[in-house]
Each structure stands twice: as structure tokens, then as C-alpha cells.
Amino acid sequence: MVRLDSMLSSWKTIREDTAQAVEDFSAHDLSYKPTADLMSFGEIARHILESSHALTGLMLEGFDNLTAPEFREMRGKQVAQLPKTEGTGALARELRSQMDRRAGELAARPAEFYAGEITRFDGERVTRLEMLQALKEHELTHRAQLFLYLRLNGMVPPTTRRRMAKANA
């Protein structure tokens with residue numbers, strides 16, 4: 001069984017690597033994308049920030065149906081709470097601080113909260129804990145895109161640097 005504290009700790013690690021990737025990209029243009037039909041590096045990073053903030057915020061407010069007609073409007077209100085982030089430094093700082101704030105808010109909820117069910121975008125009923133796990137996996141997917149963009153620009157992603165440093169120690 002997945003424990004909330006373990007899941008949040010893992011997500012914080014993932015988020016730190018996401019923020020570090022954004023900082024590592026500082027010498028490059030955030031509008032970089034390998035092909036015209038893909039999101040840019042900055043768009044992906046901002047999407048990670050906005051989606052995690054909005055969906056956890058709605059969950060904490062008790063919103064339980066992501067197929068409801070008012071979902072997009074409510075998501076927009078959540079996103080509007082985030083500051084604008086110009087440049088990689090501000091974006092990385094906001095990625096970190098948003099995760100710290102939300103992790104604290106999420107950790108303060110009782111186990112019963114996470115046993116409660118919500119309806120996902122696809123109509124599937126899942127527990128709130130399962131939804132948090134899906135949000136973490138969503139970030140992992142997009143973090144992998146950021147890492148690929150780093151590699152395409154001759155940079156080594158943070159997770160690989162850590163592994164290489166450990167092997168060389």
C-alpha cells in the first residue's frame with residue numbers, strides 16, 4: 001500500500017529535479033522546442049507548475065468531478081493564483097515553493113480524505129491518493145521531456161549527474 005508521506009517525499013524529489021532542469025536550462029531560450037508541433041521547454045515547465053497547483057488545489061477544496069462543466073473555469077481560478085514567472089530562475093523558484101506549500105497542505109489532511117473518491121477526466125472513479133499518484137506520474141512524464149530537451153542541447157540531466165557522481169565517488 002502506498003503511504004501518503006512516502007508519495008509526497010517521492011514527488012518532492014521529482015519536483016526538485018524538475019526545478020533543477022529548469023535552472024540548468026538558464027543559458028537557453030525557454031521557447032526552445034525540437035520541432036514546431038511540440039511544447040517549448042518553458043511551456044512544459046509551466047504546465048507542470050499549473051497542472052499540479054490547480055488539480056491539488058481543487059482536490060483540497062473538495063472538488064470531486066473533473067468531468068464537470070465548471071472544471072475549466074475552476075482550474076483557471078487556481079492557475080490565476082500563481083505568480084507570473086519570467087525566466088528560468090523565477091520559474092524554478094516557483095516550482096519549488098509551490099511544491100513545498102502544497103505538500104504541507106496535503107500532508108495535513110487525514111487518511112479519510114485520501115480514501116474518498118473523485119471522478120477523473122476520463123470518468124473513472126479513483127481515490128484522492130490514486131489521483132495524487134497520477135499527478136506525480138504526470139510530472140514524471142513531462143520531466144522526461146525536459147530532460148530530453150536538456151540532452152538535445154548538450155546538457156546532462158540532474159538525475160544522471162547524481163548517478164555519475166555516486167559512481168565516481
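The model is a predicted one, in which local features need pLDDT of at least 70 and side-chain atom pairs count only at pLDDT 80 or more, while totals for chains, interfaces and linings use all residues. Residues are numbered from 1 along each chain as its sequence is written, and side-chain values use heavy atoms, with hydrogens and water left out.

Glu139 is located in helix α6, helices being DSSP runs of H or I of at least four residues, numbered from the N terminus. With a relative accessibility of 1%, Glu139 is classed as buried (under 20% relative accessible area, with a 1.4 Å probe and protein chains only). Besides Arg15, the contacts of Glu139 (heavy atoms within 4.5 Å) include Trp11, Ile14, Thr18 and Ile48, when neighbours within four places in sequence are left aside.

Arg15 is itself listed among the buried residues of α1, together with Leu4, Met7, Leu8, Trp11, Ile14, Asp17, Thr18, Ala19, Ala21 and Val22. The cover over the buried residues of this helix includes α2 (41-60), α4 (87-107), α5 (111-115), α6 (128-152) and α7 (158-168). Helix α1 comprises 21 residues (4-24), and its end C-alpha atoms lie 30 Å apart, in agreement with the 30 Å that should be spanned at 1.5 Å a residue; the expected span is 1.5 Å times one less than the number of residues.

Thr88 and Val22 are 66 residues apart in sequence, yet their C-alpha atoms are 5.7 Å apart in space. Leaving aside neighbours within four places in sequence, Thr88 is in contact with Val22, Phe25, Ser26 and Leu30.

Helix α2 has 20 residues and reaches 29 Å from first to last C-alpha, close to the 28 Å expected at 1.5 Å a residue. Of these 20 residues, 18 are buried, so α2 is largely enclosed by the rest of the structure. Phe41 lies in α2 and is buried, with a relative accessible area of 0%. The C-alpha atoms of Phe41 and Tyr149 are separated by 7.0 Å, although the two residues are 108 apart along the chain. Residues up to four places away in sequence not being counted, Phe41 touches Ala21, Val22, Phe25, Leu30, Tyr32, Leu146, Tyr149 and Leu150. Gly62, which follows α2, has a positive phi near 95°.

The structure holds 1 cavity of 30 Å³ or more, a cavity being a set of points on a 1 Å grid over the protein atoms alone where a 1.4 Å probe fits but cannot get out. The largest cavity contains about 30 Å³ of space, with grid points joined across faces, edges and corners and the volume taken as the space filled by probe spheres set on the points. Its lining (residues with an atom within 4 Å of a point) consists of Leu55, Leu58, Met59, Phe63, Leu66, Ile118 and Met131. Helix α2 gives the most to this lining, with 3 residues. The lining residues divide into 7 nonpolar, no polar and no charged, where Ala, Val, Leu, Ile, Met, Phe, Trp, Tyr, Cys and Pro count as nonpolar, Asp, Glu, Lys and Arg as charged, and the others, Gly among them, as polar.

Key
Helix = DSSP H or I, 4+ residues; strand = E, 2+ residues; numbered from the N terminus. Buried < 20%, exposed > 50% of the residue type's maximum accessible area, 1.4 Å probe, protein only. 1 Å grid on protein atoms, 1.4 Å probe; cavity = no way out; pocket = protein on both sides within 12 Å on 5 of 7 lines; lining within 4 Å.
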